[in-house]
Amino acid sequence: NSVTHQTVVANYLNTFAIMADATVVTEWDRLVAITVVSAKDLKNADWIGTSDPYFKIGDFDGKVIGGNDGGDKCKSQVIDDNLNPVWNETHIFLVDKQVSRFKIRVKDQGTVDALSKEIGATTVMLDNRHEYGKDIALDPQGELHIKYKVTPLTGVVP
């Protein structure tokens with residue numbers, strides 16, 4: 001599995017041309033791979049039926065690139081009619097030395113994005129152990145199961 005992780009990291013670095021530019025390596029400190037596995041007991045925000053949840057990762061406290069929803073954030077797929085969704089989605093971010101936390105918001109998909117309602121949120125502090133999995137309470141209701149791995153660029157870039 002570590003070979004697969006190293007391949008993903010190398011491909012990611014090549015995408016941003018990090019290996020070719022030493023000045024970029026000094027600015028960007030590490031890769032953070034965040035997997036949102038699932039949620040349970042989410043608040044139902046729909047009047048008719050059940051919420052259609054998705055999550056957004058963002059609000060990092062430093063410089064970030066790599067998100068699929070504007071460069072410094074990402075958005076998951078929508079799971080229809082489910083208060084206990086399973087996403088099992090991984091998103092990879094390149095972060096600077098300042099980043100120590102990020103926020104995950106769970107929303108109910110509206111008919112248009114402007115009508116989507118937040119049904120839970122949490123702030124995650126990055127752990128120095130570099131690999132971590134945990135269940136996190138959402139405010140105001142529910143629980144999120146996540147895993148993340150922090151890979152320092154010093155161990156990746158030749």
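Reply: The structure holds four aromatic pairs, where rings of Phe, Tyr and Trp (its six-membered ring) pair if their centres lie within 6.5 Å, and planes under 30 degrees apart count as stacked, over 60 as edge-to-face and the rest as tilted. The model is predicted, so local features need pLDDT of at least 70 and side-chain atom pairs count only at pLDDT 80 or more, while totals for chains, interfaces and linings use all residues. Residues are numbered from 1 along each chain as its sequence is written, and side-chain values use heavy atoms, with hydrogens and water left out.

One of the pairs joins Phe60 and Phe93: the ring centres are 4.8 Å apart and the planes stand at 55 degrees, so the pair is tilted. Phe60 lies in the loop between strand E2 (53–58) and strand E3 (64–65), whereas Phe93 belongs to strand E5 (residues 86–96); the pair thus links distant parts of the chain, 33 residues apart. Strands (E, at least two residues) are DSSP runs, numbered from the N terminus.

Phe60 also pairs with Phe102, with centres 5.6 Å apart and planes at 35 degrees, so this pair is tilted. Here the loop between E2 and E3 is linked to strand E6 (residues 101–108), which holds Phe102, 42 residues away from Phe60.

As for burial (under 20% relative accessible area, 1.4 Å probe, protein chains only), both Phe60 and Phe93 are buried. The relative accessible area is 12% for Phe60, and Phe102 is buried at 0%. Together with Tyr148, the residues Phe60, Phe93 and Phe102 form one aromatic cluster.

Definitions and conventions: Helices (H or I, at least four residues) and strands (E, at least two) are DSSP runs, numbered from the N terminus. Buried means under 20% relative accessible area, exposed over 50%, partly exposed in between (1.4 Å probe, protein chains only).
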